[in-house]
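Student: I would like to learn how to read a structure like this one. Can we go through some features in turn?

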Amino acid sequence: MKKIAVIPARYAATRFPGKLMQQLGDKTVIRMTYENVVATNLFDDVFVVTDSDLIFEEIVSHNGKAIMSIKDHETGSDRIAEAIQNIECDIILNVQGDEPFVNEKALADILTSFEGEMGKTVDVATLKETISESEDINNPNFVKVVTDINDFALYFSRSPIPFARETNFVPDYYRHLGIYAFRKEALLKFSTLNMRQNEKAEKLEQLRYLEYGMKIKVIETQSIGVGIDTPEDLERAKKYLSNIVK
């Protein structure tokens, strides 16, 4: 199977505009994300897909590969689908541009989801990590996921799920990490489908796959660092980086 990685990168993020061009150590957030994905050596090619001239120049000026979006898109999946239509590949791995601390093991684990007999049933694969702090569980910027017995996604939500009705039972909670791998045909199908109620309400594009009956495999992983959704997250990421480079 031919595997590529694509990093969708919008400049005008709703909660933190321009976050991908913020400085993190001696690199921008988007450059660090791109170079960390390339360094895994898991892919035949790696691209940033963007609607921003600034982000495009940031990548290509440092010898990276970038593609400019032709159309406006509501989701990262739509942006990637446009970019890869004419690229020969079987599996496309989508790393969010605001997840700069991706690591080789996490990405390799996602890719292995497509192997074997059960792998033939997988349309999309993604990651989760356990969370236990009440602040994280109730944080709408930390998307939660629940899965079935075979680790296929049942639902994703910004709300705490599952809801603990009985006070004497504390369920396990998992944060969804915004890294996906798609079969090419599943991604292209996604781009032709209309947004439905759950996706509109939660503003979570992965719900479109579930609402149309596609199967998402969810793999538990250890923390991959700090995702950057807000200015406060950027400060956390700077502290995290300073600790891992000591």
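Tutor: Take a helix pair: Ile 30, Arg 31 and Tyr 34 in H1 meet Ile 55, Glu 58 and Ile 59 in H2. Contact means heavy atoms within 4.5 Å, and helices (H or I, at least four residues) and strands (E, at least two) are DSSP runs numbered from the N terminus. This is a predicted model, where local features need pLDDT of at least 70, side-chain atom pairs count only at pLDDT 80 or more, and totals for chains, interfaces and linings use all residues. Residues are numbered from 1 along each chain as its sequence is written, and side-chain values use heavy atoms, leaving out hydrogens and water.

Student: At what angle do H1 and H2 pack?

Tutor: Axes are lines fitted to C-alpha atoms, for helices over the stretch in contact, and angles run from 0 to 180 degrees between N-to-C directions. H1 (residues 29-39) and H2 (residues 53-60) pack at about 45 degrees, with their axes 10 Å apart. Angles under 35 degrees count as roughly parallel, over 145 as roughly antiparallel, 65 to 115 as roughly perpendicular and the rest as oblique. H1 and H2 are therefore oblique to each other.

Student: Where does Pro 162 lie?

Tutor: Pro 162 is in the loop between strand S9 (153-157) and S10. The peptide bond from Ile 161 to Pro 162 is cis, with omega near 0 degrees.

Student: What is the phi of Asn 41?

Tutor: Asn 41 is not a glycine, yet its phi is positive, about 60 degrees. Asn 41 belongs to the loop between H1 and strand S4 (45-50).
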